[in-house]
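Trainee: Could you walk me through reading a protein model, one feature at a time?
Mentor: Gladly; let's look at it together.

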Amino acid sequence: MLKLYNTLSKVVEPFKPVNPPQAKIYFCGPTVYDYMHVGHARAYIAADVLRRYLMVKGYDVLSVQNITDIDDKIIKRANDEGVSYDVITSRYIDDYFDMLNKLNIKVHVHPRVTAHINEIVEFVKDLIDSGYAYVTPLGSVYFNVDSYPYYGELSGKLDRGEWGQEDEFLSEKRRPYDFALWKAVKPGEPYWESPWGKGRPGWHIECSVMSSKYLGSQIDIHGGGQDLIFPHHENEKAQSEARFNHRPWVKYWFHVGYLTIKKEKMSKSLGNVVFFKDIVRSVKPEALRLWVLSAHYRTPLEFSEEGLDIASRTYSRLVNAVSTLKKLLSEVEPTSYLNDYEMMVLRSLSIIKERFYSAMDDDLNTPEALSQVYELTTVVFRDLEPKPNYALILKAYMLLREFNEVLGVLDKHIYYSPSDELVGKLVELLVNVRQKHRDLKDYETSDWIRNELMRLGIKLMDYRDRSKWVIEL
Ligand SMILES: [Zn+2]
């Protein structure tokens, strides 16, 4: 059974969703005012692996990850550049989706705040009507933290002295720890109409609204980076439990550890970020995914060239294992007999499978799961390649496919369409045509063919009388 650490209870608990087999996940997404950095990649990869593993366990998963497309930082950037806020957000939303695509991260719904203003206004109105929120003379709305008795429960901050937030509104709100649900418009800011006048939503309210719209009033797992526990998630929890009048609003709180660089948290405010668009110039996204998974999701992960190098080598080894197994599958005769040694290899594959799943069941222990994947590649190169046996090859190949459902790094190599075979034959044909030109010493044409293939990502390696080709993905 899957066990997950729950930030609310502070212990590792068996995962029992509210309505099995449904598993509903909400993960806090980005505020789109700059390019995605490696810290974002880490958090969203962790959420993706959680989603994948729940699916592998047979749950009917629905995942939601919001996009904050209106916020102080976005408005500031727009003013700095002298453009409207949506010019900024569409630029960085593109960058966000580009990162998700490259990293093979899948999310079902990506709700944007500016498309949910009506629902946000409704939610805030309900909180005012039930006495949990108040309107200020300027037309802003604040959550009255003192009206909700469980504040501080998630973050473990139980002393009012630790709750201070949003200091810039101290003169407007009743208590230093109340937080904004609706912010009255300031000159030069984008705004929407509301019963309290022109304004825009506060940050925390959007996640309560968009999660309940798509996942209902109770959620199985709510996640985000560890830095969101306070005040963001504490506030989301307060306003949602206040409105829906049941607890717990979220059954399991899932928080991802920091990505550090020189032992400091990677963040825009510290100015030490490595952008995703820059790192993928030298590191394959699949290798980056493996590197992220080489640490447990709750521990800090230190950015290092060495770590990325190791992950790149691991990725090459996995790709090599897949292509070796595929090649052997097409060449080897069906098995009619297994000798004692082969029976032993068969058992070792079973042990690898069992250990992989028990590591994943143990609060998504991906470093241990990866070590089992590595062990599987050792079996491929040590036992199967020199003495191929169809039963073992098929078993190992299916196992690697299963593991990839969780890791998500080998799709390009495992899944291919029937047209890929045709592409292979056509490339072969071009390689032969080129060879004929070479035989005739027509190097101009043969070089031209080689260069054109290279432009398509197909690399030729010439030997004395023939050429080999590889697709460099
Ligand atoms: Zn959120």
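Trainee: Which unit do β9, helix α6 (residues 229-244) and β10 make?
Mentor: First, a word on the source: this is a predicted model, where local features need pLDDT of at least 70 and side-chain atom pairs count only at pLDDT 80 or more, while totals for chains, interfaces and linings use all residues. Residues are numbered from 1 along each chain as its sequence is written. Helices (H or I, at least four residues) and strands (E, at least two) are DSSP runs, numbered from the N terminus. A crossover is right-handed if, with the strands pointing away from the viewer, the path from the first strand over the helix to the second runs clockwise. Here, β9, α6 and β10 form a right-handed β-α-β unit.

Trainee: How many bridges join β9 to strand β10 (residues 250-256)?
Mentor: Two strands pair if DSSP finds at least two bridges between them. β9 and β10 run parallel and are joined by 6 bridges, with G224 partnered by H255 in β10. Strand β3 (residues 22-27) also runs parallel to β9, through 3 bridges, and I25 stands opposite I221 in β9.

Trainee: Is strand β9 (residues 219-225) largely enclosed or open?
Mentor: A residue is buried if 20 or more other C-beta atoms lie within 10 Å of its own, exposed if 12 or fewer, and partly exposed in between, with C-beta atoms placed from the backbone. In β9, 7 of the 7 residues are buried, so the strand is largely enclosed by the rest of the structure. Across the protein, buried residues make up 39% of the 473 residues.

Trainee: At what angle do the axes of helix α10 (residues 340-361) and helix α12 (residues 390-407) cross?
Mentor: Two packed helices are described by the angle between their axes and the distance between the axes. Axes are lines fitted to C-alpha atoms, for helices over the stretch in contact, and angles run from 0 to 180 degrees between N-to-C directions. The axes of α10 and α12 cross at roughly 10° and come within 10 Å. That makes α10 roughly parallel to α12 (angles under 35 degrees; over 145 is roughly antiparallel, 65 to 115 roughly perpendicular and the rest oblique).

Trainee: And how do the axes of helix α2 (residues 72-81) and helix α3 (residues 85-102) cross?
Mentor: Those axes come within 8 Å and cross at roughly 110°. α2 and α3 are therefore roughly perpendicular to each other.
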